Amino acid sequence: MKPILQHDLTPVGDHLYEIAQSFRPDMRVPARLYADQDILAKALEDRSLEQLVNTATLPGVVGYALAMPDIHQGYGFPIGGVAATLLPHGVVSPGGVGYDINCLHGDSRVLNALGFTRAIAEMETDWPQTELACQDFAQQRASSTRAVRFLKQRPSAPVYRVYTESGDEVIATADHPFWTPDGMVELGKLAVGARVALAPFEGVGYQPAPAGPLVTEAEIRETLKRREKKIAGNATEQIFGFLRRLNLLPLNRDSAALPYLIRIAGFVIGDGHIHYEGGDGKGVTWFYGEPDDLEELRRDIQRLGITPSRVYTRQREHHIVTQYGEYDFSHQASSFKVVGSAFALLLETLGVPVGNKTQQDFRVPEWLYDCPLWQQRLFLAGLFGAEMSAPKAFNAHGANFYTPVLAINKREGYLESGIRFMEDIARLLQNFGIRINKISAHDGQESPHGAQSQRVRLIIASDPDTLIHLWGRVGYDYNRRKRVLAGYATQYLKRKARVLEARQTAAREAVAMHAQGATPTAIYGALATEHTDASFLEHSLYRDPARKVRAGNKMATFEQYRAWATQGLKDSGMVWEQIAKIEPVDDVDVVYDFTVEHPDHNFVANSFVVSNCGIRLVASHLDVEEARPHMAALADALYRHVPGGVGVKGQLHINKAELDRILADGSQWAQREGYATPADVEHTEHRGCVPGANPDKVSPAAKQRGQAQVGTLGSGNHFAEIDVVSAIYDAAAADALGLRQGQIAVQLHCGSRGLGHQVATDYIASFQKASRRFGFELPDRQLVCAPLDSREGQDYLAAMNCAANYAWANRQVLTYRVREAFAEALAGRVRDWSLSLVYDVAHNMAKIETHQVGGRSQQVCVHRKGATRAFGPGHPDLPEDYRAVGQPVLVPGSMGTASYVLVGAAGAMAQTFGSCCHGAGRVLSRAEAKRQVRGEQLRGELAHEGIVVRAGSLSGLAEEAPQAYKDVDQVVAVVEAAGLARIVARLEPLAVVKG
């Protein structure tokens, strides 16, 4: 990407700089920035100007790509960005509306559907090719999903490290959701003792496969020759043509198809069969197993471009003779087949035996030893899913497990090759830290024809480390029952290992304390816990301290653990783990995330299952001197009445039907329910309801997140603030707005909470999937967009309008709560505590508006990302009592600094599609702010300045410190000098409430 330097920006007006359209060949319009020299210098320090130039490449963009003086780096658009696209064929982009990202640390290991893990930071360039492991919550089973975008940014919320009681840990931002018994819950809302879901399978680390061919045409011909297989006519060339079309010939070691072939090969060696009909005829490959498992196999075969048969099921009768006796039984057998010589020949060339496996010699394919560990795992897991015993705990000693066994049958004369095959498997397992107990052989069952088989068994050691590595790193593929049991057993053994470690440590410490003269009573008092009681410690004093300890009778059995850990999860493979510790992490500069296309929006990181705002100003009839003696009581009442914090629930109980009415009607719903006055609705942008909102276009996941959050503040830079009007600069405009010097006012800054975030997530995924059809060439995936006249574009606008209506209703309910707080704190103490809404304006929206483009009025979709509408005087969309002065523009500063009320000017209509800045704009990330500022110290400094603070989180307080933001005086001076708005009044804070 071409760097943007200061000389690339040409001054073109008062406080206005332009990057010419010729700067980059893909720009469709010039890019403009409103700034002074200091703001310009800060904008050059991050990617915000690059994002502005990228915005100028949007299909259908008209005029200019614009940035307000509060510009800083965002997602897709820069924060403070404005762009308009022409109807009907221009685009709408969720990245231009506003999107808060909840993220993970770059070292977080993300589980791939093929059973390997990679650090999420390593996936920045090749993530579109990945398929992630995830959970299907509706079906309650493991699943997989494609990623539709990759996110990388500075932390926008506090960062924490989470530890579970079993020792699992992950680093994530406070707003990153984790799967809990209550659904997806943000980390910031979780506490020690809370339960979170884990998918215990760990897999192995990723390594790139070596380059070079593995199977060539010559080797396929050699297979044909070795088998003396004759195929009539041009069938041989048809086979080669078929394999070439599927990119299976030549088959390279780094081919995308090879991992699936490896796993299939392992299964066929265990529970499949290859034969050629009539000896020289068409190849047929059979697969046997449970119907669901066979469907998983069929999907992998279909990935190769090969069509398998359907799954057949029939009842089968059996009579077997073993050394223990004769047995008759019946069972339902399921199978499917792949008919085709090409597939059979490919597997055979890879080393899969053809025909009766009990009566031939074969080994593990030699080429497999040169494959990376994750590919070796695929072979083993495919084989183990077919042939290895399932995890099973002893009945009598329920904390211990039977030794896992892999067994194959060999007829007389082939026993030696069976042993060699097991030795090959043992050689592979050693790479995973798995110890082998022994390889043994004994007489097996007798065939109906009297032929005696030999049973060759590879017996795995049963120590916890070996079993954790076997079940947690290798596992079972194509066998859901075994795979799920292995996950449960793995997590149980991790818990058991921590208990054993604690008991071993306590035993050593007890002996050491006793040697130093401590009494038994003192030892018991210092070291006794649930698993190291006095009886255990007493025995430790008189036995060899180096001896291996047992888990003890307080340790739950595996079946007891399983009942607790899977409560409500059925056989999903997930388990509940309790959080043991949450601690802040202060040195994280970059965090990462995915958006995935699975409807349940989750993936697995470090085994954890993980997945629009505006502002309003309310004026009172109070003078500051009347209110000042009661400021602490007012702050306390606000803190009680205005719920704040990550994931916090509101006081309203909204059912699904009621939520749909909120999404459709916004503030007008609030008026019907008694939370708003007619004047409130009149003084809300768009009267608090954007037409065209369709609740049916909002996903169930988004509705679930928003249903309990109506009337909540949230966290981050959202706040409720009591201010005093400290200065009036435009008396006529102030009078029209009902503002006067010395007056008490309240600002509320919040948005559409988790619902708006989920709407953006859903539609970014939808747009990514449809992007090929649109044919757009974009410089940044974060600018993903859809034509306004497309089904996707129309659906997104309908859903986004719902989010905007939700945000207006949310702020209106909060205004009702603020009025309750004022009444509680001030009734009987002051003459008049009533509050009137001055204005409510949205910050992050894409709206269909009419503006002058090319000298004539045209409909455009105006994206305002971290910007706000600023219509000038006379605009018909303004309330009648404000029409003469222009739309109120509310520009909050940082905590402890001033905020401003402005009104839109004619210049905004001519230059910026009626847009203006929306705040001061960050200069420090939240993580950097916390490094520089202590929340407790900041609270003390604000108190010294006479500002009362109520906050649920001191670290959250530090994130919003004044030094984290630009100088708001500078920002509003730039927009006034550029003719975008006029400054009307200055507000100074008296009390601040934050989540």
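**Exercise 1. Identify the residues with the most contacts inside the largest nonpolar core, and the element that supplies its largest share.**

Solution. The model is predicted, so local features need pLDDT of at least 70 and side-chain atom pairs count only at pLDDT 80 or more, while totals for chains, interfaces and linings use all residues. Residues are numbered from 1 along each chain as its sequence is written, and side-chain values use heavy atoms, with hydrogens and water left out.

Step 1. A nonpolar core is a set of buried Ala, Val, Leu, Ile, Met, Phe, Trp, Tyr and Cys residues joined through side-chain atoms within 4.5 Å, where buried means under 20% relative accessible area, exposed over 50% and partly exposed in between (1.4 Å probe, protein chains only).

Step 2. The largest such core has 132 residues, and those with the most contacts inside it are Ile-264, Phe-287, Phe-343, Phe-384, Ile-425 and Phe-594. Its largest share, 11 residues, comes from helix 11; helices (H or I, at least four residues) and strands (E, at least two) are DSSP runs, numbered from the N terminus.

Step 3. Taking contact as heavy atoms within 4.5 Å, and leaving aside neighbours within four places in sequence, Ile-425 is in contact with Val-364, Phe-379, Leu-380, Leu-383, Phe-384, Leu-406 and Leu-458. Apart from this core lies another, of 60 residues, among them Leu-49, Ala-84, Val-862 and Leu-980.

**Exercise 2. Work out which residues of helix 12 are buried and which helices they pack against.**

Solution. Step 1. In helix 12 (residues 520-527), the buried residues are Ile-523, Tyr-524 and Leu-527. They lie on the same side of the helix because they cover an arc of only 95° around the axis, the arc being that of the directions from the helix axis to the C-beta atoms.

Step 1. These buried residues pack against helix 11 (480-515) and helix 13 (534-541), whereas the face turned away from them carries the exposed Thr-521, Gly-525 and Ala-526.

**Exercise 3. Determine how the residues of strand 40 point, and which strands pair with strand 40.**

Solution. Step 1. In a regular strand the side chains alternate between the two faces of the sheet. In strand 40 (residues 899-904), six of six residues are buried: Ser-899, Val-901 and Val-903 point one way, and Tyr-900, Leu-902 and Gly-904 the other way.

Step 1. Strand 39 (residues 888-891) runs antiparallel to strand 40 and is joined to it by four bridges, with Leu-902 as the bridge partner of Val-889. Strand 43 (residues 981-994) pairs with strand 40 in the antiparallel sense over six bridges, and there Ser-899 stands opposite Leu-987.

Note on methods
Pairing = 2+ DSSP bridges.
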